[in-house]
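Hello,

Here is the structure I said I would pass on. Please open it before you read my notes.

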Amino acid sequence: MANRATPNLPARDLTATSAFYERLGFTQGYRDDGWMILERDDVVLEFFPFPDLDPSSSSFGCCLRLDDVQAFYDRCRDAGLPEITHGWPRLHPPRLEASGLVIGALIDPDGTLLRLVQNP
C-alpha cells in the first residue's frame with residue numbers, strides 16, 4: 001500500500017451521511033458507533049459522529065483530487081444535488097482557476113466543503 005492520508009470529517013448522523021455519499025458512488029468499508037469509512041475507487045473518507053455540528057458554521061473541508069472531476073460532478077448532478085450559492089448540500093461547477101487547475105466544489109449535508117480538483 002502507498003503512503004496516504006485520509007480526511008476525518010464530521011457527521012451529524014452516520015446513517016444519513018452514508019446514504020448521502022452512497023448516492024455519489026461511495027460504499028461503506030467500515031462502521032461502528034464511533035467511526036465510519038466510505039470508499040469510492042481510491043478515494044477514502046472517514047467520518048466521526050458530531051451530532052451538535054451546525055452546518056452553517058462548519059469549517060471542515062478537504063480536497064478530492066480526481067482523474068475525472070467532470071465525471072464525478074456529473075454523478076453528483078445526476079443524484080439531484082443542486083447548483084446553488086447557499087445552503088447544503090450543493091455543488092459549484094468545475095472551472096479553470098488562476099492556478100491552472102480545474103476545481104469544483106461539493107458541500108455536503110453537514111456543511112463540509114469538498115474541493116473537487118482535477119489531477120493534472
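Below are my notes on the cysteines and the aromatic rings.

Please keep in mind that this is a predicted model.

Cysteines

A disulfide is a covalent bond between the sulfur atoms of two cysteines. How many disulfides are there? The count comes to 0. Look at Cys62 and you can see why: the closest cysteine sulfur to its own is in Cys63, 6.9 Å away, which is too far for a bond. The cut-off for a disulfide is 2.5 Å. Seen from Cys63, the closest cysteine sulfur is in Cys62, again at 6.9 Å and too far for a bond.

Are these residues buried or exposed? Cys62 is buried, at 10% relative accessible area. Cys63 is partly exposed, at 36%.

Aromatic rings

The count here is 8 aromatic pairs. One of them joins Phe50 and Phe60. Where do the two residues sit? Both Phe50 and Phe60 lie in the loop between β4 (43-49) and β5 (61-66). They are 10 residues apart in sequence, so the pair ties together separate parts of the chain. Phe50 is partly exposed, with a relative accessible area of 29%. Phe60 is also partly exposed, at 26%.

Which residues form it? Phe20, Tyr21, Phe26, Phe47 and Phe72 make up one cluster.

Best wishes

Methods. Residues are numbered from 1 along each chain as its sequence is written. This is a predicted model: local features need pLDDT of at least 70, side-chain atom pairs count only at pLDDT 80 or more; totals for chains, interfaces and linings use all residues. Side-chain values use heavy atoms; hydrogens and water are left out. Buried means under 20% relative accessible area, exposed over 50%, partly exposed in between (1.4 Å probe, protein chains only). Rings of Phe, Tyr and Trp (its six-membered ring) pair if their centres lie within 6.5 Å; planes under 30 degrees apart count as stacked, over 60 as edge-to-face and the rest as tilted. Helices (H or I, at least four residues) and strands (E, at least two) are DSSP runs, numbered from the N terminus.
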